[in-house]
Amino acid sequence: MNNSPFENPSQLCETAWREIDLSAVASNYRAIREAISPNTKIFACLKQDAYGCGAGKVASILSAAGVDAFGVVSIAEAIAVRKAAPGKPILMYPGIGPNAADLVRDLDLTISISGEEDLAGWLSTGAPLKIFVKVDLGFWRAGVAPSDLRRLTDLCTSQSTVTVDGLYAHLSEFGDAGSSALAQVARLTPLLQGLKAEGQLPATVMVSSSETLLSHPEFDMDAVDPGALIFGLTRSRTGRRVLSSRPALSAIKARIVALKTCDDSMGVPPNLPGYHPAMRLAVLGIGWGHGVPRNLGSSASVLVRGRRAQIVPPIHLEHLRIDVTNIPEATLGDVAVLLGSSGADRITLPELAEAWNTDETGVGCGLRESLQRIDIASIETEPRKGE
Ligand SMILES: *Cc1c(COP(=O)(O)O)cnc(C)c1O
């Protein structure tokens, strides 16, 4: 059958892999770029190894597409991004501490400062620092409280070794409680006015990640830092800003590594949903060790030769079972599709997210390193229509 294209021969031997469409990353980026003012910079948030797509490759694509800067959490991500995008600013979101000072200098990273204790630790290294002050406008996570922002900013600007390049917040929300973004920005506005009046306003003020970018175009400010949207993992719920995006995670596939018709010589079928005597059972070379949820219900299915096959619980570390009784043409070595197209049928990312009891970001970021990544954009010879 027509299997996926492979980057190198060793991948021909893999029993499971995910396919990443880097052209989707580029086109989602361009859609954001076209939707916002040319004066607003884009910091591409590449945390969680670029939402499971691979920070290095994604940084190369975005750098070539003209992205202004990057935001990451881990040093591993910062190293990958720096290698792929020399010269682009990299903002470290809160996480790393002063013991990373040498790497911060060598990789030319901008750090986040969320409080006085945080600042004191970094100052003790004696190293010159480029910083963004992070403020917590109501997400109750990292960032200085608005009441302490002015004091912290003054403390930062008074240090000869510190350059305050930016001020930012993550305006995220709790569940579907409705938008509190307006109230959150209202806490920031007077503080910005105060800083501006005294000529202390940092060059880059930024509050919009994906959700705010789509729901509150009025909060674009000097820069935005979307993550999920760049990877096509989220869509507009309010319709205030509509832009077309598609998932960079285009497929999850696994081979049939064992196949047989069961019979009485194996004893009675396990007393679990989906088993029946004389069933034709296939085993896929993918399991919870690759990121498939361990407690996947028996309603989930995969595609084999364009037809749905039920997943039969439980899920194992390296394996999962499917019932192919009704797909007699299934053969050892066939590629089963957990996400993506097979024949005329297709399992979409929202559909998979529902079956996995998570959202699209949860699928993309829940896959483990052991699930090989295959870059399908690099082997596409024909440019896609409309790009
Ligand atoms: C995760 C994160 C983002 C990106 O969030 P998305 O919802 O994926 O767009 C931006 N800024 C900060 C500080 C973050 O932690």
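The following questions and answers concern a predicted model.

Reader: On what basis are residues numbered and values computed here?
Author: Residues are numbered from 1 along each chain as its sequence is written, and side-chain values use heavy atoms, with hydrogens and water left out. As the model is predicted, local features need pLDDT of at least 70 and side-chain atom pairs count only at pLDDT 80 or more, while totals for chains, interfaces and linings use all residues.

Reader: Which strands form the closed barrel?
Author: Helices (H or I, at least four residues) and strands (E, at least two) are DSSP runs, numbered from the N terminus. Two strands pair if DSSP finds at least two bridges between them. E5 and E6 pair in the parallel sense over four bridges, and isoleucine 113 has valine 133 in E6 as its bridge partner. The closed barrel has eight strands with parallel pairing, in the order E2-E3-E4-E5-E6-E7-E8-E9.

Reader: Is asparagine 28 buried or exposed?
Author: Asparagine 28 belongs to helix H1 (residues 22-35). Not counting residues up to four places away in sequence, asparagine 28 touches Leu229, Ile230, Phe231, Gly232, Ser244, Ser245 and Arg246, where contact means heavy atoms within 4.5 Å. Buried means under 20% relative accessible area, exposed over 50%, and partly exposed in between (1.4 Å probe, protein chains only). Because its relative accessibility is 1%, asparagine 28 counts as buried.

Reader: What covers the buried residues of H6?
Author: In helix H6 (residues 116-123), the buried residues are Leu119, Gly121 and Trp122. They lie on the same side of H6 because they cover an arc of only 160° around the axis, the arc being that of the directions from the helix axis to the C-beta atoms. Their cover includes helix H5 (101-106), strand E5 (109-113), strand E6 (129-134) and helix H7 (146-157).

Reader: How much of the accessible area of the ligand does the protein cover?
Author: The ligand is surrounded by 14 residues, the closest being Lys47, Tyr51, Ser210, Gly227 and Ala228; a residue is near a molecule or strand if one of its heavy atoms lies within 4 Å of it. A polar side-chain atom of serine 210 lies 2.5 Å from an oxygen atom of the ligand, and a polar side-chain atom of aspartate 225 lies 2.8 Å from a nitrogen atom of the ligand. On its own the ligand has 390 Å² of accessible area, and the share that the protein covers is 88%.

Reader: Which residue in the hairpin of E15 and E16 takes a positive phi?
Author: Strand E15 (residues 335-342) and strand E16 (residues 345-347) pair in the antiparallel sense over three bridges. The bridge partner of glycine 340 in E16 is isoleucine 347. Two residues stand between the strands of this hairpin, and the residue with a positive phi, near 60°, is glycine 343.

Reader: How many residues of strand E15 are buried?
Author: E15 also pairs antiparallel with strand E10 (residues 249-261) through four bridges, with isoleucine 252 opposite leucine 339. Strand E12 (residues 301-304) is joined to E15 by two bridges, again antiparallel, with valine 304 opposite alanine 336. E15 is mostly covered, and of its eight residues the number buried is seven.

Reader: What is the omega of the peptide bond from proline 313 to proline 314?
Author: Most residues other than glycine have a negative phi, and most peptide bonds are trans. Proline 314 is in the loop between strand E13 (307-312) and strand E14 (320-323). The bond from proline 313 to proline 314 is cis, with omega near -5°.

Technical notes:
Polar contact = N/O pair within 3.5 Å; in protein donor to acceptor, adjacent residues only side chain to side chain. Areas by Shrake-Rupley, 256 points an atom, 1.4 Å probe, with all protein chains shown as cover.
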